[in-house]
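I opened the structure today to look at its helix contacts and its sheets. My notes follow in the order I made them.

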Amino acid sequence: MATPSRKDKRSRATAAPAVRVVHRPDSPGSPLHVQVHRQLRELILGGALRTGARLPSARALARDLGLSRNTIEAAMSQLRAEGFITRRVGSGTVVTAAGGDAAPFARTAADTRTVPTTARLSRRGTLTARLGIAELEEDRLSSAGATDVRGFPSETWRRMLSRRARDGGASVLRSANPFGLEALREAVADHVQLARGARCDASQVVIVNSTQQALDLAARILLDPGEHAAMEEPGYPSARAALAAAGAVVQHIPVDEEGLQVAALARRSRVRLAYVTPSHQYPLGMTLSLPRRLALLQWAAEGDRWIIEDDYDSEFRYARHPLAALQGLDRHGRVLYVGTWNKVLFTGLRLAYLILPPALVEPMAAARRVTDGFSSPLLQSVLADFLAGGHFAAYLRQARAHYESCRDTLVAEIGARWGDAVTIGPCDTGLHLVVHLRTAADEARLARGAKGHGLVISPLSRHYAGEHKARGLLVSYGGANPASIRRAVVELAPHVTRSRARA
Ligand SMILES: Cc1ncc(COP(=O)(O)O)c(C=O)c1O
């Protein structure tokens, strides 16, 4: 059989493939060679360009597509490096068998219809997904806890970030250890001892991304599925989700004006771990009294039980004499203290910390190692610089004054406009307060009505797990200012008070 001449070979080249590129000189979209590469690869994978098919020369393709030859060359080089084509002088560019063999894996329009829309999850996966979806829905409805990033010294942060990125060398680029950066662990230990009366040294600090991650890890290493954990009722829904996702049976313990009813907790004999917010009960706002603190520590010590202390917003304390952290009173190594930078600095930071009893440090770091490894060394080093440079202390002074004036405005305006239709819960700390409704006002409607004023309102009922739900509003003012607060309170007043007659 006669071998085909070069001319014959060229004449068998396919016509220019159906590649369409989008020129957007004014937009950063995908570069042209990436678009060409991607589309040719899809044509090969989809079987439109079969094994052995010959592609036009780069020059011909460039002409047909109205692109530069360099663009086509770049796309072809990539396809060749991936093994989709071979290019030989004299025989042109040919789709390889390897490329053709990949065709069955290509996704076609018909395939898309057969891709299942549901997946069979494990029991744990089903539970976690269900809890997570409920949490996503919560996020959509409210974003309680968001802080006002406008006051944050972004310029200082940016300078420190770029200095670290530039001069930090390998230490900020390579992997970090799961315990956290030494300088940050030390700064955290100093901070919690000075500001919160905790008792620890840096070796007890483990840096994590968030309170949520701390709860997830703690629940995994301390509880077996089916074991009982307790939390306050009403309480922090995300903590409930983390405990339940670990397979714990969550018991809900009522609170009163002294905080968690420890006697009620002690009656639930199967509880092995209690999650509490002693400094600022979430969401109602009271402080766990000293006798209750001592009783709680006693409960843990005598039954080999654990306490997770979530100290999420104590930095924003407006009254003079804060009660020290529960952790500082713990003589038996039963308290896992969790603090977060995401609330006091900015939500997107994703850095928080655990102060652990010595026996839990290694297991916690090991658990971290097998989940997501470690927190960003770059951000950890910038935060350590920010703390060491005194910027945090300066920012906190100014932020506290701002939030205090928001709190004062909110309390005064509610008192003046909503009158005896409501009572206001304790509000010495934090970025939210609870308004108890004495009318039949629609909580959900008020929550919707607050949107756009910087205030975030969420129905108090969402924070209850049980049947009995007090009626009220959780009002977060972290993203507001006194003027927007005044407007919101005035605008919502008729909805709060009008329904008084129906109460
Ligand atoms: C009770 C409570 N704990 C912790 C946090 C902070 O959580 P994270 O560090 O997971 O962002 C919040 C935030 O709003 C909170 O309300």
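**Entry 1: an oblique pair of helices.** I started with H2 and H4, which are oblique to each other. I had to keep in mind that this is a predicted model. The axes of helix H2 (residues 32-45) and helix H4 (residues 69-81) cross at roughly 45 degrees and come within 8 Å. Angles of 65 to 115 degrees count as roughly perpendicular and angles under 35 as roughly parallel, so the pair is put down as oblique. I noted the crossing of H2 and H4 as right-handed.

Which residues of H2 and H4 meet? From H2 I listed Leu32, His33, Val36, His37, Leu40 and Arg41, and from H4 I listed Thr71, Ile72, Ala74, Ala75, Gln78 and Leu79. Sorted by class, this contact has seven nonpolar, four polar and one charged residues.

**Entry 2: confidence.** I checked how far the model can be read. The mean pLDDT of the protein is 88, and 88% of its residues reach 70 or more. Residues 1-5 have pLDDT below 50, and the model gives this stretch one contact beyond near neighbours in sequence. Over residues 7-11 the pLDDT also stays under 50, with four contacts beyond four places in sequence. Where pLDDT is low, the predicted coordinates should not be read in detail. I left both stretches alone after that.

**Entry 3: H10 and H17.** I looked up helix H10 (residues 182-196) and helix H17 (residues 377-388), whose axes come within 9 Å and cross at roughly 40 degrees. That makes H10 oblique to H17. Is their crossing left-handed or right-handed? I recorded the crossing of H10 and H17 as left-handed. On the H10 side the contact is made by Ala183, Leu184, Ala187 and His191; on the H17 side it is made by Gln380, Ser381, Leu383, Ala384, Leu387 and Ala388. I sorted these residues into seven nonpolar, three polar and no charged.

**Entry 4: H11 and H16.** Helix H11 (residues 211-222) and helix H16 (residues 358-371) have axes that come within 10 Å and cross at roughly 110 degrees. H11 and H16 are therefore roughly perpendicular to each other. Their crossing is right-handed. I found Leu217, Arg220 and Ile221 of H11 in contact with Pro363, Met364, Ala367, Arg368 and Thr371 of H16. By class, the contact of H11 with H16 has five nonpolar, one polar and two charged residues.

**Entry 5: the sheet of eight strands.** I traced an open sheet of eight strands in the order E4-E11-E10-E9-E8-E5-E6-E7, and its pairing is mixed. Its edge strands are E4 (205-208) and E7 (259-260), and each pairs on one side only. Inside the sheet I followed strand E8 (residues 271-276) and strand E9 (residues 306-310), which pair in the parallel sense over four bridges. Val276 stands opposite Glu309 in E9.

**Entry 6: the sheet of four strands.** How are the strands paired in the open sheet E12-E13-E15-E14? The pairing of these four strands is antiparallel. Strand E12 (422-424) and strand E14 (456-459) are at the edges, each with a single partner strand, so one side of each has no neighbour in the sheet. From one strand to the next, the twist averages 25 degrees.

E14 pairs with strand E15 (residues 472-476) in the antiparallel sense over four bridges. Here I found Ile457 opposite Val475 in E15. Last, I noted that helix H18 (residues 391-417) lies across E12, strand E13 (432-437) and E15, and runs at about 155 degrees to E12.

Terms used:
Residues numbered from 1 in each chain as written. Predicted model: local features only at pLDDT ≥ 70, side-chain atom pairs only at ≥ 80, totals over all residues. pLDDT = per-residue confidence, 0-100. Contact = placed C-beta atoms within 7 Å. Axes fitted to C-alpha atoms, helices over the stretch in contact; angles between N-to-C directions. Helix = DSSP H or I, 4+ residues; strand = E, 2+ residues; numbered from the N terminus. Parallel < 35°, antiparallel > 145°, perpendicular 65-115°, else oblique. Left-handed = near helix turned anticlockwise from the far one by under 90°. Nonpolar A, V, L, I, M, F, W, Y, C, P; charged D, E, K, R; others polar. Pairing = 2+ DSSP bridges.
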